[in-house]
Amino acid sequence: MNHIEEYNIKLPQIESFTGRIEDLIKKLLSDSNIKYHFTESRTKSLDSFKSKTKKNKYSNPLTNITDLTGIRIVTYYQEDIEIISSILKENFELDTKNSIDKNQTLNSNEFGYQSVHLVMSLNKSRNKLPEWKPYKDYKFEVQVRTVLQHAWASISHTLDYKRSYEVPKLLRRKLFRLAGLFELADEEFSELKVDYKNLEDAINSNSPINEINVSNELNLITIEKYFNENIDLTKKLINVGEKSGFEILEDEEDYDKDSSNILSISKYFLNIDSIEELNLLLEKIIIHSSIIYDKILRDTEDKEWVANSRFLALLLVVYLAENILIDDLKELGWDEEIAEETLEGIKLARKAMPNNGDN
């Protein structure tokens, strides 16, 4: 039996190995709380295997070719590449000889940058497990790159130029400039991440940055801080909302969406730019919140309205935005039916409000 026939027989098992390795890597990243853009995998096809064995002399292609299984991890920041690489090295055996950081191999006069390529295999402890034993002889290659590195690789691949000297002189300068922009953007995003963390720390500690009181500026960080610190406010929102008929579900996953809606409506419909202004508006309207909630939930006994404290605050902000339309709410991601029922309820609440809600 020749190598091509042997590979054709083993191909289903290698495809199974590819899927299981990708799933395992995703679990390892999840267990380490690593956020990444996506993963993808592929098993070398029979035609690709034939082509590679014809171009190269291998004593045993099934063990000499290290990328029969290929996994790609696309992450957000440059520093995540090293973190992910460390996690992989802790959980698999690294083939140092065949692994390479292609970012370090480019000369100063070469365009583009690529990714970290790690050739790995199962470690001894996992090889002993019955479910992994059939795959103990297989190697796999993991590519780790950022979103921008992936974008550059995808776009530049269509030009069919792998080396700088292959590029016509008329195009070479532009490619150099573009590659530099991609690299610079990658570095700037990493710095932006650090700046964001510093800003978040300053807001949470009420510390100024360059003598500017960043804690009063209206943004997602300050809105979350506002609700987290105003326990009495959030409790009142929940108590009134629950009495009106909302099913209270304090799901933190929805906080960002509702806080983002509060931010958008506050800025573009209420023309406020500070936490202080938002607080004044909420303190003024919260005494009428039961009327607003009751009218929004009118004749909806057959439906379940789920809400958390941020959504209940959002409804009050929508009430205050007198010119807001259904299409505006739909642009913010609201379901059309919910948007219609909310605005209709708000109209009824305005009519029922003492002194038209001015008190």
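Mentor: Let us begin with the salt bridge, defined as a side-chain nitrogen of Lys or Arg within 4 Å of a carboxyl oxygen of Asp or Glu. The model is predicted, so local features need pLDDT of at least 70 and side-chain atom pairs count only at pLDDT 80 or more, while totals for chains, interfaces and linings use all residues. Residues are numbered from 1 along each chain as its sequence is written, and side-chain values use heavy atoms, with hydrogens and water left out.

Trainee: What makes the contact of Lys 225 and Glu 229 a salt bridge?

Mentor: Their side chains meet at 3.1 Å, N to O, and the limit is 4 Å, so the pair qualifies. Both residues belong to helix 8, four residues apart, which means that about one helical turn separates them. Helices (H or I, at least four residues) and strands (E, at least two) are DSSP runs, numbered from the N terminus.

Trainee: How do you know which residues form a salt-bridge network with Asp 67?

Mentor: Arg 42, Lys 44, Lys 52 and Asp 67 are linked in such a network. Asp 67 meets Lys 44 at 3.6 Å, N to O, and Lys 52 with closest N and O atoms 3.4 Å apart. Asp 67 lies in the loop between helix 3 and strand 2, and Lys 44 in the loop between strand 1 and helix 2, so their pair ties together parts 23 residues apart in sequence. Lys 52, in helix 2, is 15 residues from Asp 67. The structure holds 15 salt bridges.

Trainee: What makes a set of residues a nonpolar core?

Mentor: The set must consist of buried Ala, Val, Leu, Ile, Met, Phe, Trp, Tyr and Cys residues joined through side-chain atoms within 4.5 Å. The largest such core has 42 residues, of which Phe 227, Leu 237, Phe 246 and Val 318 touch the most other members. Helix 13 gives the most to this core, with nine residues. Apart from it lies another core of 31 residues, including Ile 21 and Phe 140.

Trainee: How do you know that the span of helix 9 is close to the expected one?

Mentor: The expected span is 1.5 Å times one less than the number of residues. Helix 9 has 14 residues and reaches 20 Å from its first C-alpha to its last, close to the 20 Å expected. Among its buried residues are Leu 233, Leu 237 and Gly 241. Helix 9 is followed by Gly 245, whose phi is positive, near 125°.

Technical notes. Buried < 20%, exposed > 50% of the residue type's maximum accessible area, 1.4 Å probe, protein only.
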